[in-house]
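Hi,

Here is the structure I promised to pass on. Could you have a look at it, and then read my notes below?

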Amino acid sequence: NEFEMRLNGTSYQDIAAAGGGIKSTVTATRQASDEQLFVAAKKRLNTLMSQGVTTVEIKSGYGLDFASEKKILQVAAQLDQYHPVSIQKTFLGAHALPVEFASDAEGYIDTVCEMLPLLKQAGLVDAVDVFCEGIGFSTHQCRKVFQQAQVLGLPVKAHAEQLSNLGGSALVAEFSGLSADHIEFLDEAGVVTMAAAGTVAVLLPGAFYFLRESQLPPIDLLRKYKVPMAVATDLNPGTSPLCSLPLMLNMACTLFRLTPEEALLGVTRHAAKALGLTDRGTLATGQKADFACYDVMQPAELCYQFGVNSLKQLIINGKDIKGDF
């Protein structure tokens, strides 16, 4: 229904202010059982695997209380255990303000900081994410989450500069963070700080397309300062319900003007770097044997044609994954 509302002229911000967007998903996620979440996520993982995907990041952030956030991350851990695709678990407690803290953002951030060590102790967190935005959290509030993550030895990342330029990318870089995601409104100063810190720019053309945005990420600046560019689906119900990495490759080229080589690096080597993984993303001695074989004439074809699955063989961790590709 929110998809229809946007097509009728209601903005993403207005929908969020009226209790929609992330908040409506939170209500549904809190009510869902572990089994329901597992089954729904497994279907999406199977779809991604059939395209040649071997590693996926699953973020929490749709529970916004300890029990629900833990539930999401536990399901992600179960998927990692029982599904061939490797799962990286990211705690995104600072995603939106839950109804219980409607007028107390500072109090909720304190609660997020209290959740973090408990989730880390349970082995459920590989990285910590925040939504640094006017409809999310301020840089001051995100800093508190990052400081707690730093104490716990956890890497950080952020949804940043999606709708405005609040300096979230520079904040991530200050903490030597893994990535800044979205970054449509990122300026040159922010790019410079990311370059110095080795922070990856994660481009999300699906959200850009689905929200009908017009502000392009600063691709030329990212190239100029040699900031690695990853490409991801941002698969989520509100702003990018697109379960297709091949579509993202095409959109990265057609919407963001990446070259096919840049786009393919974005879903391999630079994607691994954005997750803090050094054991995959390239074909090299000593690397994890995750690779896909496609029936194409040249690599650029993976970005050019969309809708025909050319995957012929998938190897994950050295094992041939049998599937109806």
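In which strand is Ser-179 found? Ser-179 belongs to β5, residues 179-182 (strands are DSSP runs of E, at least two residues, and helices are runs of H or I, at least four, numbered from the N terminus). A word on the basis: this is a predicted model, where local features need pLDDT of at least 70 and side-chain atom pairs pLDDT 80 or more, while totals for chains, interfaces and linings use all residues. Residues are numbered from 1 along each chain as its sequence is written, and side-chain values use heavy atoms, without hydrogens and water.

Ser-179 is buried, at 1% relative accessible area (buried is under 20%, exposed over 50%, partly exposed in between, with a 1.4 Å probe and protein chains only). Leaving out residues up to four places away in sequence, Ser-179 touches several residues, including Val-156, Val-172, Thr-199 and Ala-274 (contact: heavy atoms within 4.5 Å). Its C-alpha atom lies 8.6 Å from that of Gly-198, 19 residues apart along the chain.

On to the second largest pocket. Its lining has 15 residues, and Arg-6, Phe-210, Leu-211, Arg-212 and Glu-213 are the closest to the centre (a pocket is an open set of points on a 1 Å grid over the protein atoms alone, where a 1.4 Å probe fits, with protein on both sides within 12 Å along at least five of seven lines; lining residues have an atom within 4 Å of a point). Helix α1 gives the largest share of this lining, three residues, and α1 (2-7), α2 (12-17) and α10 (205-210) each supply at least two.

Best wishes
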